[in-house]
Amino acid sequence: MTYAANIAMTLPELVLALGAIALMLVSAWGGDKSTRAVSIASVFVLVGAAIALVGPASSGGYAFDGLYRADAFGAFAKVLIYIASAVAIVMAPSFFARSHGDDLRPEYPVLILLSACGMGIMVSASDMLTLYVGLELQSLAAYVLASFMRRDGRSAEAGLKYFVLGALASGILLYGISLVYGFSGTTLFSGIADAYAGTKSLGLLLGLVFVFAGLAFKISAVPFHMWTPDVYEGAPTPVTAFFASAPKVAALAMAVRVAVDAMGPATDQWRQIVIFAALASIILGAVAAIGQTNIKRLLAYSSINNVGFALIGLAAGTPEGVSGVLMYLTIYVAMTLGSFLVVVQMRGDDGQPVETIDSLAGMSRTKPALAAALAIFMFSLAGIPPLFGFYAKFAVFSAAVDAGLFPLAVVGIAASVIGAYYYLRVVKTMYFDDPAPAFAPMESKVEGGLIAVAAVFVSPAGYLLIPVLGAWTMAAARALF
């Protein structure tokens, strides 16, 4: 294959990398005055990367001697990643201007672009070392983003916790990769699949366990979830929205590719790990959220809970299961970004963020449109019909039942009832409690428009998109098999 063909397949990552480097130079020369221009340019770079997906980047096959795979699965995940990254950039200026003076710097959108580049490499990796390089590029940018508010103690603490625990998880993953390499003789997914198809040694099985443990940290699945509530609470809200969406999509897509592409012949072995992580995440995410008083911590446990539901689709190990995971991620990203866009509007008359659930009391009377949008997101996250979040759960449960995992689906459905409690508590607070002091008026029409778009998407109107989304997710899923 020619070098030009390889470049064409990796064009989205090249656009992001070159765009980030160029904007880094602009921010170095322009200083803080260039923040707005760099932010706008960063959104256009993400749009350019999405356009670059058309052609060889979404259907070209293997590039660089099997290190990278350009297929429909990776392209689908990248579209979600770019959308979430763009929303995180758009949310930031008004949040920092209102709350923290001059804390937003032009490095913020550049770090988002570098993280998105790493995530693109993660979801298209067909070699363990390519996967690890992409993961570290994403993680290093994320550590800085978590501690972006330098004068805020909570943000600094979030960045430090994320860094220390992230380094531990990277070490576990790298140890697993070294075991798999040692007993298979290759880091290429195709070669690893051949090794698992043969006689499975104890070393290969141990490598599988360590690899999935490292991946579980990145998707914040139980029992490697401990960093999530603290980091989500301490990081700036736009960064938290980013963490809850784009990296979650990338890590889950990466886990799906490793499970199906590299370790497909060992499905019976990794399925046990995935089923445990799924059920533990669903149950702990639901139970631990009940006592939360901070809306960002509640949404952190919600993300753990939702990862468990997505893993049910992976446990099926079928094209329908993978399609269900992608459908779930699509709807989850809209629900999560919408919820955090509402959280960004929660601020007092002094402009400072207000994060307590009690502060939402009576919002149906003071801000009826915002309360209606948040109610839609909460009902949808709970999986209550006829909202689109119900279809997300239906897709993964249906795939599990078709794969013969009926007990898993039953337990998942029963546990989802627990999670409905804390979502409904937020709605009850907004509509039935005595009003708390009203939030300051919404200043950004762009944020208001994004909230409206997300609310319409997860409303019953979203069902109109099922034919298109269903065909797209199934095509993406079949690219792996």
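Good morning. Leaving out residues up to four places away in sequence, Thr 130 touches Leu 67, Ile 121 and Ala 125, where contact means heavy atoms within 4.5 Å. This is a predicted model, in which local features need pLDDT of at least 70, side-chain atom pairs count only at pLDDT 80 or more, and totals for chains, interfaces and linings use all residues. Residues are numbered from 1 along each chain as its sequence is written, and side-chain values use heavy atoms, with hydrogens and water left out.

To continue with Thr 130: this residue is placed in helix 7, residues 128-146. Helices (H or I, at least four residues) and strands (E, at least two) are DSSP runs, numbered from the N terminus. Thr 130 is buried, at a relative accessible area of 16%; buried means under 20%, exposed over 50%, and partly exposed in between, with a 1.4 Å probe and protein chains only. A polar atom of the Thr 130 side chain lies 3.1 Å from the backbone oxygen of Leu 67.

I turn now to helix packing. Helix 2 (residues 11-30) packs with helix 6 (residues 107-124) at an angle of about 160°, their axes being 9 Å apart. Axes here are lines fitted to C-alpha atoms, for helices over the stretch in contact, and angles run from 0 to 180 degrees between N-to-C directions. Helix 2 is therefore roughly antiparallel to helix 6, a term for angles over 145 degrees. Which residues of helix 2 and helix 6 meet? From helix 2 they are Glu 13, Leu 16, Ala 17, Gly 19, Ala 20, Leu 23 and Met 24, and from helix 6 they are Val 110, Leu 113, Leu 114, Ala 116, Cys 117, Gly 120 and Ile 121. By class, this contact of helix 2 with helix 6 has eleven nonpolar, two polar and one charged residues. Ala, Val, Leu, Ile, Met, Phe, Trp, Tyr, Cys and Pro count as nonpolar, Asp, Glu, Lys and Arg as charged, and the others, Gly among them, as polar.

In a further pair, the axes of helix 15 (residues 319-344) and helix 17 come within 9 Å and cross at roughly 145°. In this contact, Ala 334, Met 335, Gly 338, Ser 339 and Val 342 of helix 15 meet Leu 370, Leu 374, Phe 377, Met 378, Ser 380 and Leu 381 of helix 17. The residues of this contact of helix 15 with helix 17 divide into eight nonpolar, three polar and no charged.

Next, the backbone. Most residues other than glycine have a negative phi, and most peptide bonds are trans. Ser 220, not a glycine, has a positive phi of about 55°. Ser 220 lies in the loop between helix 10 and helix 11 and is buried, with a relative accessible area of 0%. Pro 223 lies in the loop between helix 10 (202-218) and helix 11 (228-234), and a cis peptide bond with omega about 10° joins Val 222 to Pro 223. Another cis peptide bond, again with omega about 10°, joins Pro 385 and Pro 386; Pro 386 is found in the loop between helix 17 (368-381) and helix 18 (388-402).

Is Phe 64 buried or partly exposed? Phe 64 is partly exposed, with a relative accessible area of 29%. Its phi is near 50°, a positive value in a residue other than glycine, and Phe 64 lies in the loop between strand 1 (61-63) and strand 2 (68-70).

Conventions:
Angles under 35 degrees count as roughly parallel, over 145 as roughly antiparallel, 65 to 115 as roughly perpendicular and the rest as oblique. A polar contact is a pair of N or O atoms within 3.5 Å; within protein, one must be able to donate a hydrogen and the other to accept it, and residues adjacent in sequence count only if both atoms are side-chain atoms.
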